[in-house]
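Student: I would like to learn how to read strands, sheets and ring contacts from a set of coordinates. Please go through one case with me.

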Amino acid sequence: MPLPSPSARREVHHRTIDMHTFARDDGLFDVEARLIDRKPFDYVRPSSALPVPAGQPLHDLWVRLTLDDGFTVLAIQGSSDVTPWALCKEAEATLQVLVGERVARGWSSKVKERLRGAAGCTHLMEMLITMGTTALQGIRGSDPGRRLTAEGKLDTCFAYGRQRSVVKMLWPEHHRPVDGA
C-alpha cells in the first residue's frame, strides 16, 4: 500500500469511477465514465422507506462524450440508472450546454460554471471534469507519433510548471528558473 498504515477504521462509503477513451472507426473519440456509490450497510434514503441493501448502488450514472481530434465536444449522452430521486434522471438533459465546447485549458471551470448547483447534477458534473483529463490522455496517447508540445501543457500541473526540470528538459525556451536557482 503506498499510503502509511491508517488508524483503526471502518468503511462507510465506496465510490467507484471508471473511465475509458475509445477511438471510433469514423475518426471520432468516445470518452465514457461510470460512477457507482455504495454503502457497506443497509441504507435508508429520504426518497424511500425501503432500505438500499448493503453493497447495492445508491448512484449508478454514466456519461459519454463524443469528441473530434481537436477535442471539440460533438455530443454528450448521460444515463442515470440508479438515483435517489426519480427527478434526478432529468439532469441528463442539462449536459447539452457543453456541446460545441472544447476540452482544453479551462474545461473544469467551464463545466462548473454551466452545471454548478441546481443547474445540473453534482455527480455528472464531477465526472465531466475528470473526463477532460481522460480525453486528453486517451486521444493524445492514441497516436504515438503525436509530439508533446508546450502549447496547452505549460503551467497545467506541478511537473509542467515553467520553473520545473521537466519544462527545462522538454522546452528549454519556456523554462523560467526560480530566482537564485
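**Reading the sheet and the rings**

Tutor: The model is predicted. Start with the hairpin of β1 and β2: 5 residues lie between the strands, and Gly27 there takes a positive phi near 90°.

Student: How many bridges join β1 to β2, and in which sense do the strands run?

Tutor: Strand β1 (residues 14-23) and β2 are joined by 10 bridges and run antiparallel. As a point of reference in this pairing, Arg15 stands opposite Asp37 in β2.

Student: What joins β2 to strand β3?

Tutor: Again 10 bridges, with β2 and β3 (residues 57-67) antiparallel. Here Asp30 stands opposite Thr66 in β3. β3 in turn pairs with β4 in the antiparallel sense, over 8 bridges, and Leu67 stands opposite Val73 in β4.

Student: In what order do the strands form the sheet?

Tutor: The 4 strands form an open sheet in the order β1-β2-β3-β4, with antiparallel pairing. At the edges stand β1 and β4 (73-82); each has a single partner strand, so one side of each is left without a neighbour in the sheet. On average, neighbouring strands of this sheet are turned by 10° against each other, direction ignored.

Student: Which helix packs on the sheet, and which strands does it touch?

Tutor: That is α2, which touches β1, β2 and β3; its direction makes about 45° with that of β3.

Student: How should I read burial along strand β2?

Tutor: The general idea first: in a regular strand the side chains alternate between the two faces of the sheet. In strand β2 (residues 29-38), 8 of the 10 residues are buried, so the strand is largely enclosed by the rest of the structure.

Student: Now the rings. What describes a pair of aromatic rings?

Tutor: Two quantities describe such a pair: the distance of the centres and the angle of the planes. The count for this model comes to 1 aromatic pair. The ring centres of Tyr160 and Trp171 are 5.7 Å apart and the planes are at 45°, so the pair is tilted.

Student: Where in the chain do Tyr160 and Trp171 lie, and are they buried or exposed?

Tutor: Tyr160 is in the loop between α2 (122-141) and α3 (165-170), and Trp171 is in the segment after α3, 11 residues apart. Both Tyr160 and Trp171 are buried.

Student: Which charged end sits over the ring of Phe158, and what lies over the face of Tyr43?

Tutor: Over the ring of Phe158 sits the charged end of Arg164, 3.6 Å from the ring centre. Over the face of Tyr43 lies Lys39, at 5.4 Å from the ring centre.

Notes:
Residues are numbered from 1 along each chain as its sequence is written. This is a predicted model: local features need pLDDT of at least 70, side-chain atom pairs count only at pLDDT 80 or more; totals for chains, interfaces and linings use all residues. Side-chain values use heavy atoms; hydrogens and water are left out. Rings of Phe, Tyr and Trp (its six-membered ring) pair if their centres lie within 6.5 Å; planes under 30 degrees apart count as stacked, over 60 as edge-to-face and the rest as tilted. Helices (H or I, at least four residues) and strands (E, at least two) are DSSP runs, numbered from the N terminus. Buried means under 20% relative accessible area, exposed over 50%, partly exposed in between (1.4 Å probe, protein chains only). A charge sits over a ring if NZ of Lys or CZ of Arg is within 6 Å of the ring centre and within 35 degrees of the ring normal. Two strands pair if DSSP finds at least two bridges between them. Axes are lines fitted to C-alpha atoms, for helices over the stretch in contact, and angles run from 0 to 180 degrees between N-to-C directions. Contact means heavy atoms within 4.5 Å.
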